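Please examine the sequence and the three-dimensional structure shown below before reading on.

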Amino acid sequence: MTKLDILVSGQVSQAERAAFLDVFGKRIAEEPAESVRYAACWGPEPGLLAKLPSLEVIFSLGAGVDHLLRDPDLPDVPIVRFVDPDLTGRMVEYVVLQCLMHLRRQRDYDDSQKARRWEPRAMPTASEMTVGILGFGNLGQACGKALQAVGFQVRGLNRSKRHVLGFETFGSGQMAAFLEGSDMLVNLMPYTPQTDGMLNTHLIDGLRRDGPLIAPVLINAGRGGSQDEDDIVTALQEGRLSGVSLDVFRTEPLPEHSPLWGAPGAIITPHVAAVTSPKAMARYVATQLDRLAVGQRLENVVDRDLGY
Ligand code: GLV
């Protein structure tokens, strides 16, 4: 009999389960078992993975791994992040769309349309604008290339100041210089103790003020824990931000009473920027297991000290 060696666990949809069954068939364990060697999870119940004595690898069913690292009993085995063209492509769509929504003042035109008013407005062009991308790894660079193709100027900041060909690149010690040349800021950083609450008044007021927009724009498709939501609401109300696009929140679902829903210039989406196709996830895990089977190394292994 085939060993039940793969457990799919946590907040996993029917479609995700079905995709894993399709790819792995009888290898899928329905519940924690001694034979489980691989766990593919999103937000598993804390302590659950510690109950798997044969566990060898944990696969995150998403780009972020904060949902795993918050488990104090997380077993000390490699954690593999999900890095895949499907997820990257979706994030690129979201980021380009949001930058254009603000550049072209689409929300203002939506209001005009509702009121049946013909109201042309001044709009800068993409080449006059610099988009700063916080978190300039796989996802950030793919977004950067797509934004450049539309005409935006793009700069990126990553922790290690890895130079990326074709972009102005900054390291984490150069945050002030990075911000002061950014008209729009896109956050794609993972959630770690270092990024907790970093999208706050101090950061917002460091963005470029004399650019072609009335005030800068903030776009967050990283993690909600990185944003100070009170500071963002106040900046929108006071006109220190002309708009925000937020896909992630400190509390999800975003509570009905949150002032963010109705804040001026806010575009709110329910953590859907890069919802990955279940088939792509199952195929990715299969590819990694194939690599292991022929003695190759796993890809995209998380550095637990860095938190991503
Ligand atoms: C989604 O938020 C992810 O981490 O993939």
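Predicted model: local features only at pLDDT ≥ 70, side-chain atom pairs only at ≥ 80, totals over all residues.

Residues are numbered from 1 along each chain as its sequence is written, and side-chain values use heavy atoms, with hydrogens and water left out.

Helices (H or I, at least four residues) and strands (E, at least two) are DSSP runs, numbered from the N terminus. Two strands are taken to pair if DSSP finds at least two bridges between them. Strand 4 (residues 57–60) is joined to strand 5 by two bridges, and the two run parallel. Within this pair, Phe-59 has Val-80 of strand 5 as its bridge partner.

Another open sheet contains seven strands, ordered 8-7-6-9-10-11-12, again with parallel pairing. Its edges are formed by strand 8 (168–170) and strand 12 (266–268); each has a single partner strand, so one side of each is left without a neighbour in the sheet. On average, neighbouring strands of this sheet are turned by 15 degrees against each other, direction ignored. For such angles, axes are lines fitted to C-alpha atoms, for helices over the stretch in contact, and the angles run from 0 to 180 degrees between N-to-C directions. As background, strands of a sheet pair through backbone hydrogen bonds, either parallel or antiparallel.

Strand 11 (residues 243–246) illustrates the arrangement in detail. Strand 10 (residues 217–220) is linked to strand 11 by four bridges, in parallel orientation. Val-217 has Gly-243 as its bridge partner in strand 11. The chain passes from strand 10 through helix 8 (residues 229–237) to strand 11, and this β-α-β crossover is right-handed. A crossover is called right-handed if, with the strands pointing away from the viewer, the path from the first strand over the helix to the second runs clockwise. Further along the pair, Leu-218 stands opposite Val-244 of strand 11. Three bridges connect strand 11 to strand 12, also in parallel, and Ser-245 stands opposite Ile-267 of strand 12.

In a regular strand the side chains alternate between the two faces of the sheet. Strand 11 is covered on both faces: Gly-243 and Ser-245 on one side, and Val-244 and Leu-246 on the other, are all buried. Here, buried means under 20% relative accessible area, exposed means over 50%, and partly exposed lies in between (1.4 Å probe, protein chains only).

Which residues surround the ligand? They are Trp-42, Gly-62, Ala-63, Gly-64, Leu-87, Arg-223 and His-271, where a residue is near a molecule if one of its heavy atoms lies within 4 Å of it. A backbone N or O atom of Gly-64 lies 2.7 Å from a ligand oxygen atom. An N or O atom in the side chain of Arg-223 is 2.8 Å from an oxygen atom of the ligand, and a polar side-chain atom of His-271 lies 2.6 Å from an oxygen atom of the ligand. The protein covers 83% of the 200 Å² of accessible area that the ligand has on its own.

Arg-223 also takes part in a contact within the protein: a polar contact of 2.9 Å joins its side chain to that of Asp-66. A polar contact is a pair of N or O atoms within 3.5 Å; within protein, one must be able to donate a hydrogen and the other to accept it, and residues adjacent in sequence count only if both atoms are side-chain atoms. Asp-66 belongs to helix 2 (residues 66–69) and is buried, with a relative accessible area of 15%.

Most residues other than glycine have a negative phi, and most peptide bonds are trans. The peptide bond from Glu-252 to Pro-253 is cis, with omega near -5 degrees, and Pro-253 is placed in the loop between strand 11 and strand 12. Arg-116, in the loop between helix 4 (106–114) and strand 6 (130–134), has a positive phi near 55 degrees and counts as exposed at 79% relative accessibility.

Terms used
Areas by Shrake-Rupley, 256 points an atom, 1.4 Å probe, with all protein chains shown as cover.
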